[in-house]
Amino acid sequence: MAEPLHAPAPAAGAGVPLLDVQGLTKRFGGLVAAKDITFQIRAGEILGLIGPNGSGKSTVMQVIMGLHRPNAGAVRVVGVDVAGWPPHRIARQGVGIVFQHSRPLHRQTVLENIMLGLLPDKLLKLVADRHVREKARQIAERVGLGAVLNRKPGTLAFADLRRMELAKAIARDPQVVLVDEPFAGLTSTEVHAFAQLIADFRADGRAVLLVDHNVKSIASLADRVFAMYLGERIAEGTAEEVTRDPTVRRVYLGGGIDIASRPTRPARNAPLLQVTDVSVLYGKAQALERVSIHVDQGECVAVVGLNGAGKTTLFNAISGLVPYSGRISWDNSDLRGRSPAAIARGGVVQCPETRELFGEMSVRENLDLAGQHLTEAQAAAQLEWLYDLFPRLRDRERQAARTMSGGEQQMLAIARSLMMHPKLLILDEPTLGLAPVILEQISNALEQLRNTTSITVLLGEQNVTFALPHADRIYVMEHARIVWEGEPSAFAAEVAATYL
Amino acid sequence: MLTVQILIDGFAISALYGLGAVGFTLMFGVCGVLNLAHGATMVVAAVTAWVVAGQYAANPWVAAVAGTAAGVLTAFATYFLVVRPIERSSSVPAAEREIFVLTGTLLWGIMIQEAVAYFYTDNPKTVRPLIAGIMQIGGVRTPINELVIAVICWAVIGLLWLLVNRSKAGKVLLAASINPRALSILGFELSRVYLLVWTIYGVLAGIAGVLLATFLGASSAQSSQLTASAFSIVVLGGLGSVYGSLLAAYVVGYLETLTAYLISPTYRTVPALVLLVLVVYVRPHGLLGRR
Amino acid sequence: MTDTIRALLTSRSVWIALVVLVVLSTLPWVVSAYILGVLTIAYYFGVFAMSWDLLFGFANEVNFGPSFLIGSGAYAAGLLNAHGVPMWVCLIAGGAAALLGGVVLAVPALRLTGPYFGLTTLVAVLLLQQFIIIFASSTGGEIGLTMNDILSTEAITNYWYALGFMTVCGAVLFALSRSPVGLILQASGQDRIGASALGFNVVKHKLAAFCISAVFSGLAGAMMVFYLGTASVGTVVDVSVGVQVIIAAVLGGRRTIVGAAIGSIFLILAGEALRPLGQLSTFVVSGVALLVILFFVDGLMGLLLRRREEP
């Protein structure tokens with residue numbers, strides 16, 4: 001039984017929306033990950049769902065896929081409410097998904113991987129229908145994998161692995177296609193090719209949902225954009241409208257870029273941290289490409305860039321958590337070969353994006369642990385100083401870390417890193433998901449830190465407005481590369497407009 | 001009379017089970033390793049104590065220390081020869097690491113068991129009680145040794161509690177069971193933490209093995225049964241939960257004693273097994289397990 | 001269809017299997033009846049190991065107590081036969097009993113993750129063992145059960161039965177592993193979410209894998225006790241039996257089916273060859289298996305097929 005490869009394309013916008021999400025709400029314990037989300041995608045339409053980490057966009061996608069059951073709301077695929085269905089049923093109802101990270105079957109060839117997407121869910125299929133192989137071949141050729149059909153995924157280039165994911169997603173000819181971070185890790189030529197493939201999906205008459213961190217990467221493809229923050233809708237419209245929307249700008253840029261009152265810093269000292277030509281590969285994906293930065297004694301250097309640009313990877317390389325090529329030297333000695341613990345003890349302490357707190361332990365216990373490398377007296381003094389810096393922590397000394405609010409947890413994470421008396425503090429996205437009032441408190445603490453100690457800070461932030469007042473110098477990262485370097489004053493003039 | 005006897009016997013055997021189980025669950029909670037050479041480790045400790053007491057005519061306490069030391073050495077051997085190489089091996093896919101460690105420790109346990117049987121036969125070995133003699137408790141004649149065992153087990157468990165909750169090293173262990181990566185970035189070498197855990201494990205298993213030798217005797221043929229008992233108790237109590245293991249040890253210990261006295265010694269292990277099946281079906285993470 | 005035949009003809013595993021089979025077929029004219037007897041046991045173990053490999057290598061479920069399934073089949077057949085039921089009915093009943101056991105194992109498995117499932121399978125074996133010992137009056141307890149019928153009194157006939165049985169089971173299991181069903185199983189085992197997203201009911205397929213593994217194990221267990229003439233805890237239920245099965249499959253090479261059979265033959269022949277060492281033979285075999293796990297992760301088949309494997 002031959003099935004057409006392309007679904008007949010109805011007039012775009014006509015009839016029942018292929019994907020209709022109404023009032024979708026999802027809670028995880030006390031956390032509301034998505035609240036009352038409503039949107040529709042019609043045949044031949046591409047909707048971009050954007051938001052920073054923690055915005056809830058991934059949760060929405062996972063609910064549509066069937067990985068979670070929503071607490072409220074409906075998800076209709078071609079008119080049928082699939083909320084709460086198991087993923088395999090939703091897939092067969094007509095939803096295809098391209099995951100953010102490729103997940104091939106390593107022991108099977110490209111052709112077999114795609115064929116899998118064409119097989120019926122039967123227990124007794126001992127021999128595949130003849131047409132399955134042929135159809136798999138056609139799909140492979142459509143996405144540009146015709147030449148590598150008999151290779152195993154381990155030998156494929158990164159872009160080809162992504163193509164295979166696209167192929168698997170459309171194998172069952174779905175009406176709705178969900179694509180998570182379509183262009184992550186691709187070179188600009190590859191991005192162009194992929195954008196074309198996705199546009200072809202639209203031409204097929206499918207409804208496409210693109211999920212990504214920011215508008216910029218999908219602006220040219222998306223017909224409409226739906227922006228989320230902290231689980232709620234903050235804007236909806238064309239890509240241009242959303243980019244100009246004041247709430248969206250505030251969320252991403254933190255508001256107007258004001259560099260008015262900045263204290264003067266002492267003259268340049270010797271570079272303390274020197275990162276030279278560092279590259280990192282995650283499997284095949286180029287997470288960092290020949291990045292070079294330096295941080296001088298006493299400076300605060302900000303690395304700004306959107307989620308996925310590579311900031312965390314850079315920090316992880318410095319902290320010894322991921323293998324890298326290139327050279328990283330600290331205080332004139334090469335950090336290569338040292339264990340992460342040794343690097344931390346050597347004075348380079350990272351406060352990671354995920355905070356990595358010991359949830360079941362109390363605030364005091366978390367801090368004490370970090371202070372174990374100091375003498376009793378030093379630890380006690382440091383603790384007092386930190387409690388002055390973050391009074392809230394003193395109040396919640398005996399409270400279990402995981403019962404605290406996001407802002408308090410962030411303060412604890414920073415305090416814990418400071419407990420180690422670092423020479424270089426690496427702060428990765430301290431403002432992620434926090435309310436403006438807490439941001440101010442953390443900003444003040446950072447200010448106080450810099451005024452009272454000689455600490456050197458490397459700050460990674462998506463929120464430029466938070467970073468600017470503190471930074472002596474700024475690096476801008478995009479797609480694993482440094483694309484701009486300079487002083488904050490120059491930033492406002494040169495980069496700010498195109499940042500989002 | 002019978003009640004008191006059951007209470008006493010049950011208490012002693014449960015304490016012994018508890019000690020073994022606590023080591024096992026600690027190993028899983030902090031290192032993520034299910035050591036299937038557990039029973040064999042206990043047997044090595046028991047047999048060493050027997051050898052030292054017998055061939056060198058040492059007093060039981062010296063033999064006990066020797067046995068415990070043997071337990072620690074066996075634990076180190078398990079870590080350095082089997083577990084660590086597998087965990088660092090690049091040819092084992094990350095997802096299968098756990099299974100390889102399980103199979104590896106299983107094989108290692110068999111090797112130890114067979115080696116012990118080869119040199120010392122698989123006849124049960126007993127060691128003279130640490131304190132000989134009988135005393136009357138509630139009208140029942142009880143070997144003082146049983147009380148000694150219970151006291152030692154609880155003393156050790158108490159020391160462990162103090163270590164984990166009141167000492168700096170203990171806090172590090174606790175943290176390792178929650179989030180090893182965070183410990184790394186706070187400047188703690190995980191390899192040192194693991195070494196500490198294996199040492200503690202060796203001591204616990206060693207003492208348990210020696211005490212077993214003074215109480216019921218131990219033979220290499222019992223290795224897998226001992227491991228299986230520890231498993232069952234730990235699963236019942238909740239993998240990774242020390243309190244759970246202790247609670248479960250007492251549940252199992254008393255179930256076994258009750259069955260042995262009231263029904264028949266042959267059916268000793270049945271109720272506990274049935275309970276285990278129920279738990280696995282109804283509440284897989286055990287009585288006090290985290291999930 | 002031609003694609004399938006081409007795939008089979010170019011598969012190195014198939015050629016290795018064929019070569020091995022040809023060699024094994026010539027043995028009755030070459031070796032003694034004693035060796036044939038050892039090999040007969042090895043072939044039944046081969047089926048045990050191949051069934052285990054289907055479950056582990058493909059569905060990614062570690063069964064630490066394959067002897068639960070083997071023993072269920074063996075004892076079901078044995079008990080029925082002791083009451084006069086004809087052999088072929090007993091064999092079918094053995095398969096069915098093991099199937100039931102497979103379902104019983106699958107139910108908690110599909111809800112458990114990590115080490116819990118492995119522990120459950122071990123516990124199942126212990127339970128079965130206790131059960132048999134406690135009801136010793138009917139089951140013969142630790143001494144064992146004597147069968148009323150046996151396959152044959154001739155070593156050579158028994159050899160052919162066993163070799164034939166292993167070949168048939170092997171062919172079926174291998175075909176399954178290379179079929180679309182096998183592909184779906186691999187996907188279900190390797191990447192549950194990915195497989196679901198592609199439209200496959202992972203639970204259904206894993207359950208099927210359990211059942212298939214169970215039926216073959218039980219059937220082989222039943223065949224083996226009809227060969228031996230007795231069913232005892234030590235030969236079909238004990239944890240050590242299960243351990244040997246696992247070692248054989250890993251030694252031979254996970255996820256190859258053929259490897260599991262080769263591993264069993266190698267393991268049992270090695271055990272025989274080391275018999276003069278007496279008690280140390282188990283020690284040596286375990287030691288070798290441990291070394292394989294540490295250094296030759298892909299087993300014998302991995303060594304034989306190495307040139308074709310990609311990193």
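The pLDDT is the predictor's confidence in each residue, on a scale from 0 to 100. The structure described here is a predicted model, and in chain A this score averages 87, with 92% of the residues reaching at least 70.

Chain A contains an open sheet of four strands, arranged in the order 2-1-4-5 with antiparallel pairing. The edges of the sheet are formed by strand 2 (31-41) and strand 5 (80-81) of chain A, and because each of these has a single partner strand, one side of each is left without a neighbour in the sheet. Strand 5 of chain A is joined to strand 4 (residues 72-77) of chain A by two bridges, the two strands running antiparallel. At the level of residues, A:V77 has A:V80, in strand 5 of chain A, as its bridge partner. In general, the strands of a sheet pair through backbone hydrogen bonds, in either a parallel or an antiparallel manner.

Elsewhere in chain A, A:V437 is placed in helix 16, which spans residues 436-452. A:V437 counts as exposed because it has 8 C-beta neighbours inside 10 Å, where the cut-off for an exposed residue is 12 or fewer. The C-alpha atom of A:V437 is separated by 9.3 Å from that of A:G407, a residue that is 30 residues apart from it along the chain.

For chain B, the secondary structure amounts to 11 helices and two strands, and from the N terminus on these elements follow the order α-α-α-α-β-β-α-α-α-α-α-α-α. The radius of gyration of chain B is 19 Å, which agrees with the value near 19 Å that a compact globule of 291 residues would have. Taken along the principal axes, the C-alpha atoms of chain B fill a box of roughly 60 × 45 × 35 Å. Of the 291 residues in chain B, 55% are buried, and among the contacts in chain B between residues at least 6 apart in sequence, 75% join residues that are at least 24 apart.

Chain C touches both of the other chains described above. Its contact with chain B involves 30 residues of chain C and 36 residues of chain B. On the side of chain C that touches chain B, the elements giving two or more residues are helix 6 (115-134), helix 13 and helix 15 (280-295) of chain C, and the largest share, 11 residues, comes from helix 6 of chain C. By class, this side of chain C has 22 nonpolar, seven polar and one charged residues.

Helix 13 of chain C, one of the elements that contribute to the contact with chain B, comprises 14 residues (239-252) and reaches 20 Å from its first C-alpha to its last, close to the 20 Å expected at 1.5 Å a residue. This helix is mostly covered, with 13 of its 14 residues buried, and is followed by C:G253, for which phi is positive, near 125°.

The contact between chain C and chain A takes 25 residues from chain C and 28 residues from chain A. At least two residues of the side of chain C that touches chain A are supplied by each of helix 1 (2-10), helix 9 (180-190), helix 10 (192-197) and helix 11 (202-228) of chain C, the largest share, seven residues, coming from helix 9 of chain C. By class, the side of chain C that touches chain A has 13 nonpolar, eight polar and four charged residues.

Conventions:
Residues are numbered from 1 along each chain as its sequence is written. Chains are lettered from A and ligands numbered from 1 in the order in which they are written. This is a predicted model: local features need pLDDT of at least 70, side-chain atom pairs count only at pLDDT 80 or more; totals for chains, interfaces and linings use all residues. The expected span of a helix is 1.5 Å times one less than its number of residues. A residue is buried if 20 or more other C-beta atoms lie within 10 Å of its own, exposed if 12 or fewer, and partly exposed in between; C-beta atoms are placed from the backbone. Two residues are in contact if their C-beta atoms, placed from the backbone, lie within 7 Å. Ala, Val, Leu, Ile, Met, Phe, Trp, Tyr, Cys and Pro count as nonpolar, Asp, Glu, Lys and Arg as charged, and the others, Gly among them, as polar. The radius of gyration is taken over C-alpha atoms; the globule rule is 2.2 Å times the number of residues to the power 0.38. Two strands pair if DSSP finds at least two bridges between them.
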